[in-house]
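Please read it with the structure open.

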Amino acid sequence: MAFKIKEVSAFYGGKQAVKNVSLAIQARSVTAIIGPSGCGKSTFIRCLNRMNDLVPQFRLEGEILYNGTNIYSRDLDITEVRRRIGMVFQKPNPFPKSIYENAAYGLRIQGISKKGTLDKVVEESLKKAALWEEVRDRLHASALALSGGQQQRLCIARAIATQPEVILFDEPCSALDPIATAKVEDLITALKKEYTVIIVTHNMQQAARVSDVTGFFMMGELIEFDITQKIFTAPSNKLTEDYITGRFG
Amino acid sequence: MTREAYHKALKDVQDEVLRMADKVGKALKDSIEALKQRDLETSKRIIREDIIINRMRFDIEDKCLLLIATQQPMAVDLRILAAVINIITDLERIGDHAEGIAKINIAIGEDSLVKPLVDIPRMGEKGLSMLERCMKAFVDKDIESARQICNEDDEVDALYDQIYRELLLIMIENPRTIQGATYLIWTAHNLERTADRVTNIAERIVFMVTGKMEEMNVSKY
């Protein structure tokens, strides 16, 4: 198990966004988190690499063990946590720099500046993000000149470059067209050979297509967590069934 | 994200399955009655109208495929559509069995039956009752009733055995009855298969409700 999440509750001030959630996430698999707006799924995924630490008045109870270590323990280096557990956001957010510099960014802030190393990592990450063939001739062009789908794959390359073990995707395709979405979905499936992938998505067909395991959240609670095939063909819980068949939400 | 139009379309598909089942049940009932009454006109009508049943099956199948393609149904909705596609196939085949009995009646023509019909109508009634209750179980999503119906297939098989034995004896006693007796064995066989098809439908109802495929009664034929 990559993650063991034990009785986790998350609060923004007095408001509880995640309620007593326990689950285990297997390494090298794709886990999808689905649920209606405001169900706590983004808050939950952001707990997994301490992204919520930046939010004022955020508070977490319970334990999130990553490979046996509590990622919220005081003596842990938060930068190292986020290096190992990378994140890709809803809107492609490349830096206003070249394609090359975007992919090399994580290494540069780690103090790596040797050209040979950077070249190699940039190429490898762009290849893994299925973008290399499209940008190899214009690595020094602005990343902002890329299409939305290419920008999102560049963000994935940027996340991969620091050699993480887990990649968290928060609605990675909601700003993309269907073709770009299909490319990112193919990429997610390819990535699970090397990485643990956790994806929050509003698109249930996407969850059904790309994930091995799915968790359904509602009003901060984890209602059902099971293999994806079962969730989408014969869920055990009536609430899950009503949500995925569009009877509420 | 409530989807009223989609849920209405899903309900309409199920209503059409019930209409198709009614039509099939009526064809079956009429085919046995026509054989009993030696009513060739009714048999001809059943043969003519089988095409309506076939068309209903394709219409429903089209609607299911359209809903799958455009609405991405999931969970119970997906299981309903998968079950419906199978159920209409079995209903259409039951329609063919009714047509088969009608054709036998026409083949017998003006000849008299080799024996009075007692157990064949009984098989027909049993099959019809199974079909009607099965479609009620489909509406009510009643798996207990569906399972019960599967068990009743044994009674139909037993009636078939009895008819077969009886007709065999008639043929041994008088070889001139072979043709007429064979027609009645074919009729009984159509009814035996009808009950098997109802069993298939019942299995699909259990799948539709539970998500589990179960083979609930393996016919001895």
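1. Basis. This is a predicted model, in which local features need pLDDT of at least 70 and side-chain atom pairs count only at pLDDT 80 or more, while totals for chains, interfaces and linings use all residues. Residues are numbered from 1 along each chain as its sequence is written, chains are lettered from A in the order in which they are written, and side-chain values use heavy atoms, with hydrogens and water left out.

2. Overall form. Chain A contains 10 helices and 10 strands; helices (H or I, at least four residues) and strands (E, at least two) are DSSP runs, numbered from the N terminus. Its radius of gyration is 18 Å, close to the 18 Å given by the globule rule for 249 residues, so chain A is as compact as a globular protein of that length. That radius is taken over C-alpha atoms, and the rule is 2.2 Å times the number of residues to the power 0.38. The C-alpha trace spans about 55 × 45 × 30 Å along its principal axes.

3. Packing. Of the 249 residues in chain A, 52% are buried (under 20% relative accessible area; exposed is over 50%, partly exposed in between; 1.4 Å probe, protein chains only). Among contacts with a separation of 6 or more, 66% join residues 24 or more positions apart; a contact means heavy atoms within 4.5 Å.

4. The four-strand sheet. Strands β2-β1-β4-β5 of chain A, in that order, form an open sheet with antiparallel pairing; two strands pair if DSSP finds at least two bridges between them. β2 (15-25) and β5 (69-70) stand at the edges with a single partner strand each, so one side of each has no neighbour in the sheet. β4 (residues 58-66) is joined to β5(A) by two bridges, and A:Leu65 stands opposite A:Asn70 in β5(A).

5. Most residues other than glycine have a negative phi. Which loop holds A:Glu171? A:Glu171 lies between β7 (166-170) and α7 (178-191) of chain A. Its phi is positive, about 50°, although it is not a glycine, and A:Glu171 is buried, at 7% relative accessible area. A:Met219, also not a glycine, has a positive phi near 45°. A:Met219 sits in the loop between β9 (213-218) and β10 (221-227) of chain A and is exposed, with a relative accessible area of 61%.
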